[in-house]
Amino acid sequence: MKIKLYFLVVLILLFFSCKENKEKHDVLEAKSFMALDDEALLDSIQKQTFNYFWEGAEPNSGLAPERLHMDNIYPTSPKHTVTTGGTGFGMMAILVGVKRGFISKEQAFQRFVKMIDFLEKADRFHGAWPHWLNGQTGKVMPFSKKDNGGDLVETAFLVQGMLTVAEYFRGGNAEEQKLVERIENLWKAVEWDWYTRGEDVLYWHWSPEYGWEMNFPVGGYNECLIMYVLAAASPTHPISKEAYHKGWAREGHIVSGETYYGEDLILDYYEHDDSPVGPLFWAHYSYLGLNPNALSDVYADYWKLVQNQAKIHYKHAQKNPHNYKGYGDSIWGLTSSYSIKGYKGHRPDRDLGVIAPTAALSSFPYTPKESMQMLKKMYKDHDSLIGKYGPYDAFSLEHQWYLPRYLAIDQGPIPVMIENYRSGLLWDLFMSNKDVHKGLDKLGFTYKKTQ
C-alpha cells in the first residue's frame, strides 16, 4: 500500500513539474516571439514557405507537389502529383531563397536544371503543359475527367516563373546562359494563338481525347490577366490585341463603376456571376511577376484594383456580418482553399468562416500594416496552426477546424509577394523581360520598366 501511495505521489509531482515546465516553455516561446522584430519574422515565414518548394519538392522531378499533407493522407490525388502552375510559383520562391541566403545561387541553378530537364520531356499539348503531371513519369494526370490535356492558365503561371528565372541568370556564365536558352525554347513552343480556336478569345483547356469539350473561353476579370499578357508577348505564337480587348475585356464590359465596402471595384470580377469581388488569390497569381505598381490600361489602374480588393477582404473581416469567431483586425482574408466542406472558393459574399493565411500574407505589398497584424497574430496566438512549411492551408476558429495540410498554389505566393514587398525582386526580374515589354505595349499598357 505504501509503495502504491509512493508512486502515486511521484506521478502527481511529475505531472505538476511537467505542467510548470510547459508553462515556463510557453512563456519563453512568447518572449522569444516578442523579441523578433518585423524583419526577422518576415525572414522566418519566407524560409518556412520557401522550404515547401525546396525540401518538400517531388524528389524525381524537383517540381512542386500539388499538396503536402503532414498527416500523410492523400484522398484525392497521389502524393507524387506535381502542379505546373504551382511549380512556376515555386521557381520564384527558390529565387527568394537565394536572395535571403537560405540556399546558394549554385544550389538554385542545379535545381532549376533538374526542373527544366523534366519539363522538356513531360507531356505538352501544342506547347502547353497540363494542370497536373506525374512527378515520376512526366505523364499527364487528369485534373478532372475531361481536363487531361493542355491547361493554358497553369502554363501561364509556369511560364511567368520560368521567365523570371531566365532573367535572373541572363548574362551569366556559359552554363547559366544555356539554361536561359532552354527556358526560352520552352517559352517559344507554347502555341498561345492555337488556343484561340481562331476566335478573339483564349480558351483555357484542350484535350487530345475530348478536344474543346471543356469549352471555357476566358473573359475577365479573374486570375488570368498574366495569360493574356504572355500570349500577346510570345515571339513565336502571339495572339492579336483584339483577343485581349474583345475576349478578356469583353469590349469594355469588364469595367465596373460599383463600390463594395466603400472601395471602388474598378473591374467586373465575374463574367457569369453576380458576386461583387473574387477570392483574394486573384490579386496574387498574375502579379507575382507582373508588377501592378504604375500598371494601367484603358480599363483599370491595376494597383488600385488589387489594393482595393485586399482592403475589401480586410473590411469584411472587421465588419464580420456573420459574427464568426476570431474575425477582425488580425484575422482576415478569404480565398480558394481547403475548407470544412472540401475545397471552396471563399470570398466575402460566400464566407463559410474559413480563413486561409495566404490571402492576407500574400497581400503584403497592398496592405502591409494589416498583413503584418495577421502574421504576428498567427505566430503569437495560433502557433498550433503553423507547421514545417509555414501556416497550414486554412483554418476556422468558428468551427474549431483545421487540417495539417498544404497546397502549393497557396504556399507559393507567400514568400514571393513578401519579397516583392521587401525588395521588389521578382517584379524587377520579370518586368525586365523584353518580350513582356512587347506584349504590354501591344495591349496598350503603361507600366514601370526595369532594365
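**Entry 1: Terms and model**

I began with accessibility: buried means under 20% relative accessible area, exposed means over 50%, and partly exposed lies in between, with a 1.4 Å probe and protein chains only. I noted that this is a predicted model, in which local features need pLDDT of at least 70 and side-chain atom pairs count only at pLDDT 80 or more, while totals for chains, interfaces and linings use all residues. Residues are numbered from 1 along each chain as its sequence is written, and side-chain values use heavy atoms, with hydrogens and water left out.

I also wrote down that helices (H or I, at least four residues) and strands (E, at least two) are DSSP runs, numbered from the N terminus. Contact means heavy atoms within 4.5 Å.

I looked up Lys105 and found it in helix 4, which covers residues 105-121. Lys105 counts as partly exposed because its relative accessibility is 36%. Leaving aside neighbours within four places in sequence, I listed Val98, Tyr168, Phe169 and Glu176 as the contacts of Lys105. I then compared sequence with space: Lys105 and Gly412 are 307 residues apart in sequence, and their C-alpha atoms are 19 Å apart.

I turned to Arg182, which belongs to helix 6 (residues 174-189). Is Arg182 buried or exposed? Its relative accessibility is 16%, so Arg182 counts as buried. Not counting residues up to four places away in sequence, Arg182 touches Val113, Ile116, Asp117 and Glu120.

**Entry 2: Gln160**

I located Gln160 in helix 5 (residues 152-169). With 0% relative accessibility, Gln160 counts as buried. Residues up to four places away in sequence aside, I found that Gln160 touches Met92, Ile226, Leu230, Tyr285, Ser286, Tyr287, Leu288, Gly289, Leu290 and Phe430. From Gln160 to Gly85 there are 75 residues in sequence and 9.1 Å in space, C-alpha to C-alpha.

I examined an open sheet of 3 strands, with the order 2-3-4 and antiparallel pairing. Strands pair if DSSP finds at least two bridges between them. Its edge strands are strand 2 (81-83) and strand 4 (140-141), each of which pairs on one side only. How many bridges join strand 2 to strand 3? I counted 3 bridges between strand 2 and strand 3 (residues 132-134), and these strands run antiparallel. Thr83 has Trp132 in strand 3 as its bridge partner.

**Entry 3: Two packed helices**

Two packed helices are described by the angle between their axes and the distance between the axes. I recorded that helix 7 (residues 225-233) packs on helix 15 (residues 434-443) at an angle of about 105°, with the axes 7 Å apart. Helix 7 is therefore roughly perpendicular to helix 15. The axes are lines fitted to C-alpha atoms, for helices over the stretch in contact, and angles run from 0 to 180 degrees between N-to-C directions. Angles under 35 degrees count as roughly parallel, over 145 as roughly antiparallel, 65 to 115 as roughly perpendicular and the rest as oblique.

On the side of helix 7 I listed Tyr228, Val229, Ala232 and Ala233, which meet Asp435, Val436, Gly439, Leu440, Lys442 and Leu443 in helix 15. The residues of this contact divide into 7 nonpolar, 1 polar and 2 charged. Here Ala, Val, Leu, Ile, Met, Phe, Trp, Tyr, Cys and Pro count as nonpolar, Asp, Glu, Lys and Arg as charged, and the others, Gly among them, as polar.

**Entry 4: Aromatic rings**

I searched the whole structure and noted 39 aromatic pairs. Why is the pair of Phe50 and Trp54 stacked? Their ring centres are 5.9 Å apart and their planes are at 20°, so the pair is stacked. Rings of Phe, Tyr and Trp (its six-membered ring) pair if their centres lie within 6.5 Å; planes under 30 degrees apart count as stacked, over 60 as edge-to-face and the rest as tilted. Phe50 and Trp54 are 4 residues apart in helix 2 (residues 38-54), which means about one helical turn separates them. Both Phe50 and Trp54 are buried.

**Entry 5: Backbone in the loops**

I found a cis peptide bond between Gly220 and Tyr221, with omega about 10°. Tyr221 lies in the loop between strand 6 (205-206) and helix 7.

Asn323 sits in the loop between helix 9 (302-319) and strand 9 (336-337), and it is exposed, with a relative accessible area of 64%.
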